[in-house]
Structures are given as structure tokens and as C-alpha cells.
Amino acid sequence: MPQDTSYTDQNFKLVGTRPRRPDGVDKVTGRAKFGADATAPGQLVGLILRSPHAHAKIRKIDTSKAEKLAGVKAVVTSADLPDLTDGDRAMLDILENCMARGRALYDGHAVAAVAAINAQTARKALKLIKVDYKVLPHVTDVDEAMKPGAPIVQDWVFTTGVEPKPNKPSNISQRNEFGHGDVEAGFAQADVIVEKSYKTEQTHQGYIEPHACLASVRPDGSGELWVTTQGHFTFRNICSSLLGMDVAKLKVTASEIGGGFGGKTHVWMEPVALALSRKANRPVKVVMSRDEVFRATGPTCSTSIDVKIGVKKNGTITAATAELRYQNGPFPAIWGMLGAMTSFACYDLKNVKSVGYDVLCNRPKVTAYRAPSAPMAAFAVESTMTLVAAEIGMDPVDFRIKNAAKEGTLASYGPTYGPIGIGPTLAAVKNHPHMKAKLGKNQGRGMACGFWFNFGGQTCTDLNIGIDGTVTLTVGTVDVGGSRASLSIIAAEELGIPYDQVQANIADTASLGFNDMTEGSRGTFSSGMATIFAARNAIEVLRERAAQMWDIPVKAVVWENGEARATGKEHGNLPVLSLKEIAAKAPRTGGPIAGHNEVVADNAGVSFASHICDVEVDPETGGTKVIRYTVIQDAGKAIHPDYVEGQFQGGAAQGIGWALNEEYIYGEDGRLQNAGFLDYRIPVCSDLPFIDTEILEIPNPNHPYGVRGVGETSIVPPLAAIGNAVSDAVGVRLNHVPMSPPRILKALDEARGS
Amino acid sequence: MPGLLVSTTVNGDAIEFVCPQDETLLDSLRDRVGLTGVKEGCGTGDCGACSITLDGRLVCSCLVLGAEANGREIETVEGLADGDKLHPLQDKFIEYAALQCGICTPGFLIAAKALLDRNPNPTVEEIRYGLAGNLCRCTGYDKIVRAVQAAAKQMRKK
Amino acid sequence: MRFESPKTTREAVALLAKEKGSAYVLAGGTDLLVRMKTGLIEPDLVVDIKRISAMQSIKTTASGTRIGAAVSGAELGENKKLKKAWPGVVEATNLIGSDQIQGRCTMVGNLCNASPAADSVPALMAARAKAVVVGKNKRRTVAVEKIITGPGETSLAKGEIIEAIILPRRSTKSGDAFLRFIPRTEMDIAVVSAGISLTLARGVIKSARVALGAVAATPLLVPAAARAIIGTKLDDVALEKLAAACSAACKPIDDKRGTIEYRTKVVGVLACRAAKIAYQRAGDA
């Protein structure tokens, strides 16, 4: 049946309410099973040996002593993970990141692994593995890595996107350009031009649950993997491909996930765990330490960015350019490209150009972190926007309103926008009481905007109606923060039944078709869409069964309020049949009643937010505290507002941490110096104020309920909002994130001339 | 070195386990007693996910040796509910959507209970500092603080 | 690793003295277990002192207060008498880590861990605190500032253990205070810190001790900083001199927590702020 994804305005009964989440009780009683909480008969403990060097040739790995230690059941190196990628360089990069192949590319790169009967033995075995390294020159700074003569991270990488085609390898893997118009002509028309450079340090997603998995490969080549992941179907495809297993013969079960924010979209030690299990012929559990999480998984890029904006005195932007240099770790990726795409997405610009460079360094492989690449670009652009407004004596909100993108705007990265929320969020900022609140001594206020694309992707959902009329909703997108509640609301809304009559579950890879990951703010958007269609399909079956029970034509049956109703003169007096009544008769009317749907949920609907922030700066120490914070964001339609607010607040908190204190600190030796929560300082409870939220609902025309993804955009504005607030408070402009106390005090001292 | 026999009380039950002498109480509780509600987020006392009470004192079980538990009383998240009746903190955490992923929740509940046992009517600032040893990366703490306030209010009514 | 939990100080000392491998005292464990977890140390013997009764109590006599080595930060904070007499010392100890850490950490552990950034140590030094050191054959009382000799290093001989800290009796019109700077509001190691104890006579500072943390290889007692405020009413000139003396005394490093420039500057700021609190407390006492 055709799937009409277009938005229809309707009066909801359940959508927009705030019921209790179905997995709540398990999560407050300690019963919920996360990545490290599973066990299997005969399981071994797997541990990974990691390189202490930022860059080194591995001349030899001697595992013989470890293998001989009593209780050790398997030792693996890259030799146990042969290259089966058949020329697919991106897959080989994934494999090489899981286990070094002749060269350690960053501090923390896995070089070998052991499986033993217990942790003590495994730890002892790791120490018995002797690795002969030849240390090579390394580079960890993005600007340094781009200079001629920098140590080359990968000698097979030649810059793409430049003419003429280079004949020497480079750390710049690609150059991408976006924009339209004539920026030179635009700058020539400007009354004022502001040009500024920025740096942002590398940050980590900082999920509280370390990576963990339990792998079990059988001698017949089939296997199972229990893992904390944002996408078990993708993990299955990648792991089976890297290990040479059949996709159908590897069953992957997603545990409850203790936070991901993009960091659990990627395989790290899972293929190694499978290799260990295959070699030991026993289940193997691998749980990372926090140190390993920081050194060897998922950080986002460090960046260096130049922005130039030209403006007329009346506030019209005549031209804008940005050059964005993103550090990707040791493998080519697209983060600089994404940064370039997002940089000016909030504005309606005649002449705009953004150029993104992707740069390799001897740091861990970068993976997605909530609206990946956008916060850094927004820090640079939104800081400059506020500077420009000040230069022409215009209110920063009015200046943004004047230049904001709207329906019909040609976006700087290519598409033409449909109905979007940047204008409404700015209007809401303008009217928000926060903007009028009084500020005290050393306090300041800043605001900034943010954009994120959002993603739809492949989705597959089952809806089964039980004999008692309760509904099992089975989805394949991992629940990272309450989506089971939102999806249950949607199923109940469509079927016209109470919320409690639906039970949502996350299926393993053996029980449902392929689903893309919970990433790109797609969980509720795409699984929600598939749930709507699955429910509508189930309703078709329910109508047929009711027609059968009444012995009337199906077309005379309508579904209303959770009941089948016969229509037309000749049937109108039949008593209604409830879902429960139809379900009870299912065995005799054709068997189980179900609805199924698979969809590529395109057109996720772009997302915009505007944030307001007040800070207080101690001018003698540079210590900064956020004292008030407001998030205003377009959700399209908030299915369960609590969890929409939660996304707004959580993203803002991560952005605040990034803005003020979080950063990877590398020594001269290329080693990470702060691989722990003590010195990688994520915000604690006493660091933050309540984070006020305002949900705007500008329907996404491409979703039946108008839903847009809400998960990511909230991390985009905080860096610039705080930078603008610090500047307002103490008169210095910080162009380097995090704005840590030493950096702020230094800027203050320079301004004071001391 | 042989393992140690540890006799202890966990959530009111007499429990015995044998652990290596250098094993943390966190690992003993998870791997030997089967209480996987006690979570490891860092293993170095920085995140609070492994919070328990030991003889009534809030501690990180990752910074206690299993051997130290001999003769002591331990409370974990698994002991918080009274039969099928959730503790007010548990109830309000669900009601206020104070958890997203839920990995930090057991630690927060134990720390919040210790806070309210000591101070039944804390200010927002007291709640925030009282819970500063528990990291949450999902919520920005907003709904957690509100849930603790609501639970405190309900507990004071009793 | 072997775990022992003796009932007396004498037994503990004997165990530590006899051990041929690496032996460690376990008080609160908030540093020791971290070092074990991160693989920095692999003890052969760990001696838990929390079951030694002489180390579990806080006792106040005419000459001062004796705080057992196993007394946790939380217990210290609950002792109203001590909090009134030595608010700076108690506050400094209570700043170590979270409530969870407070449930375990001890002043003696903080001292013996010998970090330059130890929170309680500058406050103890300013307070003229002493450590009761027990060895196999003798027991001695040592000024706290003589214990730490370098990062992670102490003057304790093999088999020696600190049984208690002794704080002198608080004289009238005196007060102490401790402040540290951390980037967050909680959970960090001090970037710089300052502890000050002073006594007034008719509003004039008669005696003072100033100690600084995280600005040198060990916590520093800075007599020159004390001299800068002795004989003054803590006017602006005195405060300026205090800040300058503190900045001059420090020999900090650049590291992941702060820069030389930052520490040198902010230590003076903190010393002045702590001095004002101590002065106020002394006036009220």
C-alpha cells in the first residue's frame, strides 16, 4: 500500500503527552542489562594491549610467553584479522583501527589482545606480550599537520578536490567547497568586513558507559554478539564482513546503551572480541576501561577555522567565507566537509563560500559526536556574527533576524529550504524574558544559533497484536533516551488505544529487517514513521477481520477510536467491535494480526535552534560559571515533550562543557595526558543551572505528524553563546575553545596590559 | 595468593563470596554477588556510577576492596525498593524523566538517598553539590535535580 | 597481593616492616585503589588500618585535638567542635572529591599520598599540625611540613606509619581558612591553593602561617608571606605584599591543570581571599 509521508494536521490524543517510559522500572531498580552486564557459559575475559606511542612501526610482536601462561586461551594480533576487504579502503581503515597492521597510528592504538580465564590472568598475559616498536615522527596539531614537511600519517593519502592532482602524499585527505554567488564582489559592496580565526580543541562524547561486548563464535562459523551500540544491524554487517562471516549467521543483540552521542556508531573492539572468541572457541567478554575509551574511541575533531563576513551598515550581509580545517585522526573522513556544509546554514546569503579541509593526525580515529562538525563551525561563525553586529551598532538578535534563512532560501550547502525554524527561534529569543533579565557585576549575556541536517534512513518495524488485544511494537533502532515511550505513544495514537496497551521492544538482528543506527536524530523520526505505517497496515487487517466477523464488505468498515465501525445504511446498526474483541477471534479469522513496514525515511527535516546564555566571570581567576541558560528549538512535533526537553538540555550541557573545560591534552610525546574523568572535565551537577527549554513546532512537511529530529542541534550553539556571553561580561573575545580559566585570565591580562 | 572468604550483608541479606585479595568491591558485587545494577563508569572514583553505601556511608565501590566488606553492611540500588513498591526517588526519576540512557541512574539514586537521609529538605544548591560526585552525560542534570526535589517533598509528607 | 587488616598499630607496623615486596597502607583507598587500577603500582601487601581503634577517633584534650588516621573526611565534617576550632582544616579536607570520596578519604592518606596539590595539607601546615609517626621501635611527633619531601615521596621510613594528626589548641582571636582554585565547582584537583592561619591582638595580626598548594614540588610553607601581613590589619598594602610574597615563593610547572603564569598569579589572589576569611574568623572568635 502506498505510504503517504506528507504531514497532515490533526488533533492528537496521546502525542504530546508525557507518560512513564516502559523501561523505567528496570532502569531505576538496576535490572536493566547494559553492555557489561551479560554473561555466557564458559566466558573468558578479553583485554587489549595498546600502543604507548603516537606513531611507531611495529617491527615484531612476540606473543609466545603470553600464550604459554596458564589460563590464557587465545592471543590475537592483526595476523588473526586478515584483510578480507577486497580493495575497500574504508573497510580496511576500520579493520586497521581495530587492530594495528604493522604501524601504530596513535597513543592507544590496539596492537594485540588476549582472552583468559579471568581478569588477573589476562592482565598478566598482556604484560608478557613483547612489542618491538620503532618510534616514528608524529603530528597531533591540525595546522602543523597541514604544513609542508609535516610527518606523513598515511603515505597512500593524496589530497582530493584540488587541481592539479597532487603527486605527493599529504595529511590533507580532501578539500570540499560549498556556496554560491560571487564573494569577492560581495565583499567589495561591504561597509564593514570582519575577519577572525578560531581554534577548538578535541572533545569526547563522554558517555558514562564504556564500550563493552560479549562475543561468541561457534566452530561452525556462526556467532552472536551482545554489545552496547547505537546500531546493531550496522555492527552486524561490518563485523561479519571483517571476520568473513555470513550476515545471517551473526546475531547481534543491542544491550541497553549507557550513552553514545555518536561514539557508539562505530566498531572499536567488537571485531577483536569476535576474533578472540573464534580462536579460543569460547565466549569472550571485552569491557573497556575509561582510559581506553578516551585514548582509543570516538572523539570529535579538533579544528582551526577562519571566518570573514562583510556587511552593509543596514545589517545586510554582502558576503561570507570560511575556511575550516578539521583533524580526523589517522584515517580519511568527511568531518571538515560537514563543517563547511553547516557553517552558514542559518543564513540567507547572496554570496557565500565555505571550504573544508580534512586533515590526518596521530590522534584516535574521529567519529560522530552529536551534530558532528557543526558546533566548531558555529563557534567561529556565530562569534563573528556577534562581532559584526557590534561593529555596525546593531542588536545581535536583530542582525541575525535580518539575515536569517527562510522557506525558499538557497542554503549555503546546496538545497533550497522548505518551512524551517530559524526565524521563529530568533523571534522567540527576542520575546523571551531571559533577554530582559538584569545582569550583575562581571556577568554577561550571549546568544547564538545552530543548525543540523538530521537524517532518516532505512527502517523496519513490526507491530503484532496479541490474543488479548495488547500490542507488541518491535523496532530496530536502539533506545538511547526514551524512544520506546515515544514510539509507544505513536502506535497507541494510530490504533486509538491506551498507551499502556502497547509494549515497545528493540529487536535483535535475527528478528527484524535492517535498520540504520540511532544517529542523525533519526530514532523517533524514522522508527516513528515506520510505526505509523505498520499500525496503519495492522488496521487494514483489523478491518478485514471485522468485516469477516460481521460478514460484510471491508469497504463498509472504518476504524475509529480503537474500534471497528460498520458504516452505511444496511450495516450502521451493528455494535462496534473493539480491537480486543477482534484480537480474541484472530485464531478463527485468519490467524495472527500484524502490521509490518519497511521504509527509507528520507527528508528528515532540517533543524534549527537559538540559545541564550548568562555567565559570570571571576576577573581575578578567569573562572567562569553559567548562571542561566535557555534553549529554543524547533522540534517539528514533540511526541513526548519530556524527552524532547531532555535532548535540548543534554546537548546544551555537553556544549557548555566543551565551551569551558573539556579538551584532549596531548604532550610533546604525542600521548594523551588526561584520559580520565578527573582531568577530562565534563560538567558536574553543581556546574550547571536549570536549563530552560522552549519547544517550537514548525511541522516537517515530510512526516505524517510533522516530526523533525531533535537530538543533536542543541550542542551546536553553546560554544558561541558562551563565548559571546564571556565577551559581554568582561570585554574580551575568546577565539580558542575551551575557554578555560588560564585562557580567559590570559586574555584579560592582555586586555589590561599587564 | 588464595582468594579471601568475605562474609557481609548486602541489602539485608547475609552473603558470602570468595574474591582475589586485590579485587574491588565493585567487581565482587557485579561478578560474584550478581548485582550488576552497580555500574562501572571509570573505576577511579570520578563518576559515581558504582555508588553504594557501606555501613551507611556513601562510597564508590570501585575504591573499596572486596576484602574490606567483611562484616560490614552494604546497600545497593537493588535494595532500594520495598518489595513491589518503588522508593519515592525511583518513582520520581521515572515520572520526571530524570533518566535518558539510565547508566548513571543507580548511582544517582543511591547518592540522592544518602543526601536525603542526611538532609530531608535540601536547597537546589545542596542537591547539586550533594550529587556532584555522580556524572550524567545525557540530561544536563535538570530533570534529575527536579526529581530529587519532588521525592524529597513526598518523603517529608510521610 | 595479600590483604591484611590488623587490629592494632603495632601489628600494622610489624606487617609493613616485615614485607619484602611492595607494601602499602590502605586508609580511605581513594588514591591507593586508583593507582592500583591504573597500573601505577602492584602491591604485594596492602594493610587496611580502618579496623585499628586508635586510628578511628577524634579526641580533644587541653593541648589540642588528635585525629586518627582512619577518620574519614565525612566524619571530620560532622565534628562540630573541630569545625568551630579549625574551620579551614575541616573545609580543606571536605573539599577532597565528592561525597562518595568523603565517605572514605582521610587527612593522613591525603598527606601520605604526598601530592603537591593535596587539599588538606596546606591547611594543616598553616595550622601547625603534627603527625604521630609510629615505627617498629619508636614513636615520634613530626611537623606536617616535614612529611612530604617530593611528589609522591615522604620522609617516612620503611615500616613507619602515621597513626594520627594532632592539631594544636586554638588560641583566642585566631582563625584559619583554605581556598583552592579548580576549573569546575567540584571533583577537580587544585590548580592552586592557599591555607592561612592567623591570630589577632586588638585587630592587628600577631602571628600568621601561610601555606600554598600546587605551586611547587611539595606544598609550601611561606614565612615571607606570613611576614607580609604580621603587624597589619590586613589593609590593601598588606594584601598586595602577601600576594607578591606568595607569587615570589612559588615554583610551579606547566601541566594539564594550569600554566606557570596562571598559578603564579592566582596563588596571590587566593592567598588574599583566604587571609580575609581567616581575619574575619579571628575577629569573630
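**Chain A and its partners**

Modeller: Between chain A and chain B the count is five salt bridges. One of them joins Lys39(B) to Asp37(A), with the closest N and O atoms 2.3 Å apart. Please keep in mind that this is a predicted model. The same interface of chain A and chain B holds 20 residue pairs in polar contact, both residues being at pLDDT 80 or more. On the side of chain A that touches chain B, helix H1 (24-29) and helix H19 (641-660) each supply at least two residues. H19(A) gives the largest share of that side, nine residues. By residue type, the side of chain A that touches chain B divides into 25 nonpolar, 17 polar and nine charged.

Now to the extent of this contact. Chain A brings 51 residues to it and chain B brings 46. The area buried between chain A and chain B is about 4000 Å², and carbon and sulfur atoms give 58% of it. Val28(A), Cys685(A) and Phe690(A) supply 19% of the area that chain A buries against chain B, more than any other three residues.

Next comes chain C. Here 24 residues of chain A are in contact with 17 residues of chain C. Chain A and chain C bury about 1900 Å² between them, with 53% of it on carbon and sulfur atoms. In chain A, the residues that lose the most area to chain C are Thr621(A), Leu678(A) and Arg681(A), together 24% of what that side buries.

The rule finds seven salt bridges across the interface of chain A and chain C. A salt bridge also links the side chains of Asp679(A) and Lys256(C), at 3.6 Å from N to O. For polar contacts, the interface of chain A and chain C has 11 residue pairs, both residues at pLDDT 80 or more. Helix H21 (residues 741-752) of chain A gives the most to the side that touches chain C, with five residues. That side of chain A divides into eight nonpolar, seven polar and nine charged residues.

Finally, a look within chain A itself. An open sheet of seven strands runs in the order S3-S5-S1-S12-S9-S10-S11 (chain A), with mixed pairing. Strands S3 (72-76) and S11 (250-254) of chain A stand at the edges with a single partner strand each, so one side of each is left without a neighbour in the sheet. From one strand to the next, the twist averages 20°. Strands S9 (residues 212-217) and S12 (residues 284-287) of chain A pair in the antiparallel sense over four bridges. Cys213(A) stands opposite Val286(A) in S12(A).

Technical notes:
Residues are numbered from 1 along each chain as its sequence is written. Chains are lettered from A and ligands numbered from 1 in the order in which they are written. This is a predicted model: local features need pLDDT of at least 70, side-chain atom pairs count only at pLDDT 80 or more; totals for chains, interfaces and linings use all residues. Side-chain values use heavy atoms; hydrogens and water are left out. Contact means heavy atoms within 4.5 Å. Buried area is the accessible area (1.4 Å probe) that two parts lose on being put together, summed over both. A salt bridge is a side-chain nitrogen of Lys or Arg within 4 Å of a carboxyl oxygen of Asp or Glu. A polar contact is a pair of N or O atoms within 3.5 Å; within protein, one must be able to donate a hydrogen and the other to accept it, and residues adjacent in sequence count only if both atoms are side-chain atoms. Ala, Val, Leu, Ile, Met, Phe, Trp, Tyr, Cys and Pro count as nonpolar, Asp, Glu, Lys and Arg as charged, and the others, Gly among them, as polar. Two strands pair if DSSP finds at least two bridges between them. Axes are lines fitted to C-alpha atoms, for helices over the stretch in contact, and angles run from 0 to 180 degrees between N-to-C directions.
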